[in-house]
Each structure stands twice: as C-alpha cells, then as structure tokens.
Amino acid sequence: IESVGRLVQIAGAGSVPILLGLLDVEEDEEVQRAIVAQLSWLTTGLDGLNPLLKFYARCPEGLKGPVLQTLAALRCDESRKAVREALADGGPGLRLWAIRAVQRLGDREALPAVRKLAEGGEGIERELRQQALDALTGLHDDAAGPIFRKLLEEPDRELQLVALRGIAGIRDRAAAPLLLKLLRDESKKDLHEEIVDSMGPVGDPSFVPALAGLLKNPAEENNGLRISAIQALFYMDAREAAPDIAGCLGDSDAAVRKQAAQAVAALGYQEAVPALKKLLHASDLALSHEAAKALANLGDPEGVKRLIDTARRFREGVDEGGDLLRATQEAVGLLGEWQVEAALPVLQTLPREGEDGEQVLNALVNFKQDGEAFRELLQRRMRSHLARPAEAGAAVNLALLYQQRGLDEEAVEILEHAERHDWEAVPSLSFIRNGQVVRTPRAPRVEDITKVPSPY
C-alpha cells in the first residue's frame with residue numbers, strides 16, 4: 001500500500017498503466033482499495049475504461065462504491081450508464097455512492113431517479129433520502145421545489161433544515177408564502193433563524209417588510225435572528241431597508257452592530273456615516289475596525305485614516321482574542337487592494353520577512369510602481385513551489401518582465417503554470433521540449449499605451 005502511494009508521488013499520471021495492471025491481478029482487498037483511491041485522483045491519465053469496468057464487475061461489494069466514484073470522474077457515457085444502473089438496482093450502500101457519483105458527473109438526466117429517492121417511502125433509508133435531497137440542492141434542480149416544500153411541512157426538524165437548505169439552493173420563489181407563514185408561526189420559533197437564512201438566496205421582495213420588522217422589534221432577544229435578517233436584506237440588495245439596518249448600529253449586541261456596519265457600507269447608505277463615526281470610538285477593537293472599514297467603503301476620509309493608523313500597528317503584538325492581529329492584517333490588505341496612495345509610505349515601512357510579510361508585499365504590488373516588491377513576492381512564491389532554485393529564478397525574471405510591460409495577468413499565469421512545468425498554457429513563449437522548439441500563441445498586444453505604468 002505504501003509503495004502504491006510512493007509510485008503515484010514519483011510518476012503521477014504515468015503510474016496509471018501500472019496501477020491498472022496491478023488491479024487486474026491483485027487479490028488483497030485493502031491493496032485494491034488503495035489502488036482505486038489513487039486512480040480517483042489520476043483520471044486524466046485513464047485513456048481507457050475497460051480495465052476499470054472489468055474490475056467493477058468483479059470487485060467485492062465494499063469496493064464497488066469507490067470504483068463507481070472513480071468511473072464518474074471520467075465523465076463518459078460508460079460511466080454514466082454504470083452510475084444510473086447502480087442508482088436503479090443497487091443496494092442502499094451502493095445507491096449512496098451512486099448519488100455522489102451523479103453529483104460528480106453533473107448528470108441531470110439521472111435527476112428523476114434521485115428525486116424518487118428524495119421523496120422517501122418504503123425501503124428508502126433516511127440516510128439515502130438525505131443524500132438524495134442534498135444532491136438535488138447541489139445540482140440546483142428546479143423541479144425539486146415541490147419535494148422541499150412538502151418536506152418543510154413535516155414534523156421532522158432535521159428534514160425541515162434539509163428542506164430549507166434546498167429551497168435556498170434552488171432559489172425557489174414558489175416557497176415564499178410558506179416561508180413567511182412559518183416565520184409568523186410562534187410554534188416554529190426554533191426554525192426562525194434558518195428560515196431567515198434561506199430568505200436571502202430566495203430573494204423574494206415580499207420578504208423585505210418581514211425582515212425589516214425583525215430589526216425594529218427591541219424586544220427580540222435572539223441576536224442571531226437579527227444578524228440573519230441583516231444578512232438576508234444585504235443579500236437581496238434591499239436598499240429600501242437600509243434605514244432599518246442603520247438603526248441596528250445602536251443595538252445592544254456588538255455582533256449585530258458589526259453586521260449592520262458591513263451592510264450599510266455595502267448598500268452605500270451615506271446617512272449612516274454619523275452613527276459609524278461614533279462606533280470608531282468603541283472600546284471593542286473589532287467593532288471600531290468594522291466601522292472604519294465601512295466609513296472607508298463609503299468614501300469618508302476618517303475611515304481611511306483609521307485604517308492607515310491600524311496598519312501602522314502591524315506586528316505590534318498578538319492580543320488575547322486576536323482582534324488586533326486580524327485588524328492590522330486586514331487593514332494592510334484593504335489599503336493595497338483599494339490602492340490608497342496616502343497609505344503607500346506606511347506600507348513601504350512595514351516588515352516584509354516571515355510568512356505574514358507576504359501580505360505586505362501583496363499590498364505593495366497593487367500599486368504597480370513598486371517593482372522590487374513584485375520581484376520579492378515572485379521569488380518567495382517560486383521558492384515555495386519549485387525545488388530547483390535556478391529554474392525558480394528564470395521564472396521570476398520572466399514574470400517580472402511581463403509585469404513591467406503591463407501584462408499582469410500573463411505574469412500570474414507564469415507563476416501558476418511554472419510549478420507544473422505547463423508552459424504551453426502561457427502565451428508568447430518559446431521553449432525547447434524533447435529537442436523541438438515550441439512556440440505558444442502570442443498574447444494580445446497592448447492597444448492603449450497609457451495603461452502601461454511608466455518606469456520613471
């Protein structure tokens with residue numbers, strides 16, 4: 001078993017013929033299982049299905065499921081046929097594997113059989129039914145809406161939660177009246193938070209008054225429900241509810257205030273600026289940092305200044321809750337992402353060594369004029385991915401050359417493909433492979449020279 005794993009590490013896809021040959025003669029079930037597990041990650045090297053199909057026909061029952069998963073990864077007609085047959089005629093254990101294989105294949109033609117299992121009934125075990133319901137959700141099967149809605153009215157809370165995830169997953173607006181009815185039902189209070197969570201993805205406009213009403217009720221003790229309501233309104237881009245969300249900036253619970261700060265900023269609600277400025281002085285560091293981010297998002301200079309001050313404290317120390325560490329790292333990242341010119345002198349003075357120093361480099365390269373930071377970042381990444389320093393250096397120089405010419409996307413491609421030596425995927429390259437010169441298609445030329453950063 002150890003040798004099988006080592007073979008794959010050394011030879012990669014080249015080990016497939018050997019593994020298939022072993023599978024044909026090996027009798028030990030544990031070794032067979034190890035081979036199948038490795039083949040499931042090496043499907044790009046499986047040129048033919050015959051050896052695997054032959055083994056599937058004769059293998060022990062306990063191995064049929066994993067083999068079926070490997071067949072599914074090949075995404076061909078023979079594998080679809082095997083999966084559908086298992087779904088129709090297999091035992092409960094194999095059907096579980098078959099449902100997972102349907103998801104891996106994305107086989108929508110198998111969905112009617114999965115729906116039948118999801119409906120339940122005699123002979124269908126609970127675990128099998130839940131797996132089928134999850135598959136319908138994962139494959140966004142719109143036709144499963146009636147199944148989820150019917151399930152929501154059953155007394156089984158665990159199945160109700162599965163139904164709510166399904167309704168959210170397929171965004172079933174036909175379920176809107178039922179969700180509102182359940183939200184008003186006090187006997188279903190233990191489900192209210194999950195019901196509200198499902199409302200955001202469903203996105204029916206009829207939800208907005210009910211969700212805003214949850215924020216206006218000062219007697220509502222469920223902080224989690226108010227947070228879920230804010231998230232749902234934000235998810236729906238319900239700008240008409242922004243005043244109600246802003247009202248939560250004065251909530252008694254800090255987590256509710258943080259969620260409200262994120263939401264008003266994302267909704268662009270400028271009227272929340274005065275309330276957010278008050279939160280800048282909160283004793284809760286995480287809350288004041290959230291307020292600074294929101295203000296900066298809304299274009300307020302006071303928020304930007306606070307983020308710059310927070311970035312100065314990079315590596316100042318680790319507080320007990322980790323709030324300072326998270327705030328400083330996030331501030332550095334956001335200032336780079338937003339290319340805040342006023343922050344550049346501060347970012348350039350921050351330490352770059354160590355793992356977290358890469359965050360500083362990432363922030364600096366967003367400004368593009370810091371070529372040295374870009375070079376250092378590329379060198380770090382290449383050292384971590386490539387064993388041969390000389391090859392790493394060549395890739396770094398090539399990526400830097402692309403970046404200096406304004407071809408940032410191509411520079412990133414070089415980094416991504418260098419680890420796999422997959423140079424064919426990088427445009428505008430010439431290299432020698434097996435004694436032959438290989439030239440890749442040219443990258444599009446820069447048409448607007450003003451977009452290229454000046455070196456002066």
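Two residues are in contact when they have heavy atoms within 4.5 Å of each other. In this predicted model, contacts between residues at least 6 apart in sequence were examined for the protein, and 54% of them join residues at least 24 apart. The secondary structure consists of 26 helices and two strands. The protein has 456 residues, of which 47% count as buried. Its exposed surface comes to about 23,700 Å². Carbon and sulfur atoms supply 50% of that area.

Helix α1 spans residues 2-11. Its buried residues are V4, G5 and V8. These cover an arc of only 100° around the axis, so they lie on the same side of α1. An α-helix has 3.6 residues a turn, so residues three or four places apart point the same way. The other side of α1 carries exposed residues, namely E2, S3, Q9 and I10. Cover for the buried residues of α1 includes α2 (16-25) and α3 (29-39). After α1 comes G12, with a positive phi near 55°.

Helix α17 covers residues 254-266, and helix α19 covers residues 285-297. The axes of α17 and α19 come within 8 Å and cross at roughly 10°. An angle under 35 degrees counts as roughly parallel, and α17 and α19 are therefore roughly parallel to each other. On the α17 side, the contact is made by A254, R257, K258, A261, Q262 and A265. On the α19 side, A286, L287, E290, A294 and N297 take part.

Helix α19 also packs against helix α21 (residues 323-337). Here the angle is about 15° and the axes are 9 Å apart. That angle makes α19 roughly parallel to α21. The crossing of α19 and α21 is left-handed. From α19, the residues that meet α21 are L285, A286, H289 and K293. Their counterparts in α21 are D323, L324, A327, E330, A331 and L334.

Helix α21 in turn packs against helix α23 (residues 357-365). Their axes are 7 Å apart, at an angle of about 20°. α21 is therefore roughly parallel to α23. This crossing, between α21 and α23, is left-handed. Q329, V332 and G336 of α21 make the contact with Q359, V360 and A363 of α23.

A163 is located in helix α11, which runs over residues 157-170. With 0% relative accessibility, A163 counts as buried. Leaving aside neighbours within four places in sequence, A163 is in contact with F148, L151 and L152. Its C-alpha atom lies 9.2 Å from that of G145, and A163 and G145 are 18 residues apart in sequence.

A229 belongs to helix α15 (residues 223-235). Relative accessibility is 0% for A229, so this residue counts as buried. Leaving aside neighbours within four places in sequence, the contacts of A229 are with V196, L211, L214 and L215. A229 and I245 are 16 residues apart along the chain. Their C-alpha atoms are separated by 9.2 Å.

Backbone geometry was also inspected in the loops. Most residues other than glycine have a negative phi. R171 is not a glycine, yet its phi is positive, at about 55°. R171 sits in the loop between α11 and α12 (176-184). D237 likewise has a positive phi, near 55°, and is a residue other than glycine. At 42% relative accessibility, D237 counts as partly exposed.

Note on methods. Residues are numbered from 1 along each chain as its sequence is written. This is a predicted model: local features need pLDDT of at least 70, side-chain atom pairs count only at pLDDT 80 or more; totals for chains, interfaces and linings use all residues. Side-chain values use heavy atoms; hydrogens and water are left out. Helices (H or I, at least four residues) and strands (E, at least two) are DSSP runs, numbered from the N terminus. Buried means under 20% relative accessible area, exposed over 50%, partly exposed in between (1.4 Å probe, protein chains only). Accessible areas come from the Shrake-Rupley method with a 1.4 Å probe; for residues, only the protein chains shown count as cover. The arc is that of the directions from the helix axis to the C-beta atoms. Axes are lines fitted to C-alpha atoms, for helices over the stretch in contact, and angles run from 0 to 180 degrees between N-to-C directions. Angles under 35 degrees count as roughly parallel, over 145 as roughly antiparallel, 65 to 115 as roughly perpendicular and the rest as oblique. A crossing is left-handed if the near helix is turned anticlockwise from the far one by less than a right angle, and right-handed if clockwise.
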